Amino acid sequence: MAEIGYYCLKGLLSAVAALPLKLHYFNARLLSLIARKFYRTNVVRDNLEKCFPQKSAQEREVILKKFYDHFADLVVEAIWFG
């Protein structure tokens with residue numbers, strides 16, 4: 001039964017990987033927005049505050065946005081290269 005799920009997921013990811021890279025980067029921006037809203041944002045903010053105490057809150061928010069953008073790019077590129 002687990003093999004059926006594996007092959008279904010592999011087929012789905014192969015189909016998605018065949019899409020153009022521009023579409024993947026569009027999906028990355030959407031993923032970034034969703035991740036920034038729901039995925040451990042408070043933890044990332046706390047860590048940025050500890051790592052960069054000299055930076056203002058606005059500068060840390062820019063770093064937070066860039067972090068989630070980069071994270072989403074890595075996810076969609078891994079699917080594209082997969």
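Biologist: How many residues apart are F67 and F71 in helix 4, and what separation is that in helical turns?
Modeller: They are four residues apart, so about one helical turn separates them. Keep in mind that this is a predicted model.

Biologist: Are the rings of F67 and F71 stacked or edge-to-face, and why?
Modeller: Stacked, because the planes sit at 20° and the cut-off for stacking is under 30 degrees. The ring centres are 6.2 Å apart.

Biologist: Which residues form the aromatic cluster?
Modeller: F67 and F71 belong to one, along with Y39 and Y68. The count of aromatic pairs comes to five.

Biologist: What does Y68 contact, leaving aside neighbours within four places in sequence?
Modeller: S32, A35, R36, Y39, R40, T41 and V44. Y68 also belongs to the largest nonpolar core, with A35, V44, L48 and L64.

Biologist: Which helices each supply at least two residues of that core?
Modeller: Helix 3, residues 41–51, and helix 4, residues 57–81.

Biologist: Switching to the surface. Which residues make the nonpolar patch?
Modeller: L19, L23, F26, L30 and L33, covering about 440 Å². L30 sits in helix 2, residues 21–38. At 39% relative accessibility, L30 is partly exposed.

Biologist: And N47, where is that?
Modeller: In helix 3. N47 is partly exposed, at 40% relative accessibility.

Conventions: Residues are numbered from 1 along each chain as its sequence is written. This is a predicted model: local features need pLDDT of at least 70, side-chain atom pairs count only at pLDDT 80 or more; totals for chains, interfaces and linings use all residues. Side-chain values use heavy atoms; hydrogens and water are left out. Patches are made of residues with over 30% relative accessible area and no salt bridge: like charges are joined within 9 Å, nonpolar side chains (Val, Leu, Ile, Met, Phe, Trp, Tyr) within 5 Å. Accessible areas come from the Shrake-Rupley method with a 1.4 Å probe; for residues, only the protein chains shown count as cover. A salt bridge is a side-chain nitrogen of Lys or Arg within 4 Å of a carboxyl oxygen of Asp or Glu. Buried means under 20% relative accessible area, exposed over 50%, partly exposed in between (1.4 Å probe, protein chains only). A nonpolar core is a set of buried Ala, Val, Leu, Ile, Met, Phe, Trp, Tyr and Cys residues joined through side-chain atoms within 4.5 Å. Contact means heavy atoms within 4.5 Å. Rings of Phe, Tyr and Trp (its six-membered ring) pair if their centres lie within 6.5 Å; planes under 30 degrees apart count as stacked, over 60 as edge-to-face and the rest as tilted.
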